[in-house]
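Student: I am meeting this structure for the very first time. Could you take me through it step by step?

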Amino acid sequence: MKRTLLARNADVLVTMDARRREIRGGGVYVEGNAIAAVGTPDELPPTADEVIDLAGHVVLPGLVNTHHHMYQTLTRAMPLAQDAELFGWLRALYPVWARMTPEMIRVSTRTAIAELLLSGCTTTSDHLYVFPNGSRLDDSIEAASTTGIRFHATRGSMSVGASRGGLPPDALVEDEDAILADTRRVIEAWHDPARHSMLRIGVAPCSPFSVSRDLPTLPRTTTTSPTAGNGSGARPQSTRRTWDGSAATCGTRTA
Ligand SMILES: [Zn+2]
């Protein structure tokens, strides 16, 4: 039996539904991780496993954050990177990020999610694209799972280091076959496509100055799991092209 929650007696409950209802004295009834009902007291069950009195509060739907790099929570105040443009900021911080550990990924993820939850966000993505010193996407996923937020972890990646014309140092980039193998691994290990899922995995190559144009089209050697969110199966062999998005010619990024 799913645990239930009744949050009632709000000064105003703002539904943002099709009729834009704003319900004075309204409440929310939750079963498990899904809202089962909103409305006036006579439209809601009289009690639940947990009951919260919202007198003095306005209730809004949870906010959704579609872009975050939670590991950067730990490097917000580095003097070298203050007031820098994007590339200067990245060059200052790449060596710092290269020293991060799995524990730092976990701590930064929990810090970022605490900030989000305290400001009304209930669903968030995270774009993690550096995996130094044994760090894995699993570290952020496991950290998020302790918080109660609905989490969309994206498996980021960088494959073109400075020696090939990219911006990041070679120590922070990964082999493209390894990227694809680990992306598949985390999808198969963690992705939950069900309705009301608390955890989904996205695929997120990083930027034109750190990923080759081949990465999204590399030939696959095995079929993709039906539950995987990024494809429908094996593709024919593609011809590898040369890297042509070097940091020297790529001055901006959109993400
Ligand atoms: Zn970003």
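Student: Is Leu-44 buried or exposed?

Tutor: This is a predicted model, and the computed relative accessibility of Leu-44 is 10%. Buried means under 20% relative accessible area. Leu-44 therefore counts as buried.

Student: Which residues does Leu-44 touch?

Tutor: Leu-44 is found in the loop between strand S5 (34-39) and strand S6 (50-53). Gly-27 lies 17 residues from Leu-44 in sequence, and the C-alpha atoms of the two are 7.5 Å apart in space. Leaving aside residues up to four places away in sequence, Leu-44 touches Leu-6, Gly-27, Val-28, Tyr-29, Ala-37, Val-38 and Gly-39.

Student: How many helices and strands are there in the protein?

Tutor: The protein has 255 residues, of which buried residues make up 42%. Among its contacts between residues at least 6 apart in sequence, 69% join residues at least 24 apart. In the protein there are four helices and eleven strands.

Student: How many residues of H3 are buried?

Tutor: Helix H3 spans residues 137-144. Its buried residues are Leu-137, Asp-138, Asp-139, Ser-140, Ile-141, Ala-143 and Ala-144. H3 is thus mostly covered, and the number of its eight residues that are buried is seven.

Student: Which residue meets Asp-139 in a salt bridge?

Tutor: Side chains of opposite charge can pair when their charged atoms come close. The partner lies in helix H2 (residues 102-118), so the pair ties together parts that are 33 residues apart in sequence. With an N to O distance of 3.0 Å, the residue that meets Asp-139 is Arg-106.

Student: How are H3 and H4 oriented to each other?

Tutor: Helix H4 spans residues 176-190, and its axis crosses that of H3 at roughly 25 degrees. The crossing of H3 and H4 is right-handed. Angles under 35 degrees count as roughly parallel. That makes the orientation of H3 to H4 roughly parallel.

Student: Which residues of H4 make the contact with H3?

Tutor: The contact of H3 with H4 has four nonpolar, no polar and three charged residues. H3 contributes Leu-137, Asp-138, Ile-141 and Glu-142. The residues from H4 are Arg-185, Val-186 and Trp-190.

Student: What is the N to O distance in the salt bridge of Asp-138 and Arg-185?

Tutor: Asp-138 is in helix H3 and Arg-185 in helix H4, 47 residues apart. Asp-138 counts as buried at 4% relative accessibility, while Arg-185 counts as partly exposed at 26%. Their side chains meet at an N to O distance of 2.8 Å.

Student: Which residue forms a salt bridge with Asp-182?

Tutor: Asp-182 lies in helix H4 and its partner in strand S10 (residues 150-157), so the pair ties together parts that are 27 residues apart in sequence. Both residues of this pair are buried. The closest N and O atoms are 3.0 Å apart, and the partner of Asp-182 is Arg-155.

Student: Which residues do salt bridges that share partners join into one network?

Tutor: A search of the whole structure finds ten salt bridges. Two of them are the pair of Asp-138 with Arg-185 and the pair of Asp-182 with Arg-155. Through shared partners, one network joins Arg-136, Asp-138, Arg-155, Glu-174, Asp-182 and Arg-185.

Notes: Residues are numbered from 1 along each chain as its sequence is written. This is a predicted model: local features need pLDDT of at least 70, side-chain atom pairs count only at pLDDT 80 or more; totals for chains, interfaces and linings use all residues. Side-chain values use heavy atoms; hydrogens and water are left out. Axes are lines fitted to C-alpha atoms, for helices over the stretch in contact, and angles run from 0 to 180 degrees between N-to-C directions. Helices (H or I, at least four residues) and strands (E, at least two) are DSSP runs, numbered from the N terminus. Angles under 35 degrees count as roughly parallel, over 145 as roughly antiparallel, 65 to 115 as roughly perpendicular and the rest as oblique. A crossing is left-handed if the near helix is turned anticlockwise from the far one by less than a right angle, and right-handed if clockwise. Contact means heavy atoms within 4.5 Å. Ala, Val, Leu, Ile, Met, Phe, Trp, Tyr, Cys and Pro count as nonpolar, Asp, Glu, Lys and Arg as charged, and the others, Gly among them, as polar. A salt bridge is a side-chain nitrogen of Lys or Arg within 4 Å of a carboxyl oxygen of Asp or Glu. Buried means under 20% relative accessible area, exposed over 50%, partly exposed in between (1.4 Å probe, protein chains only).
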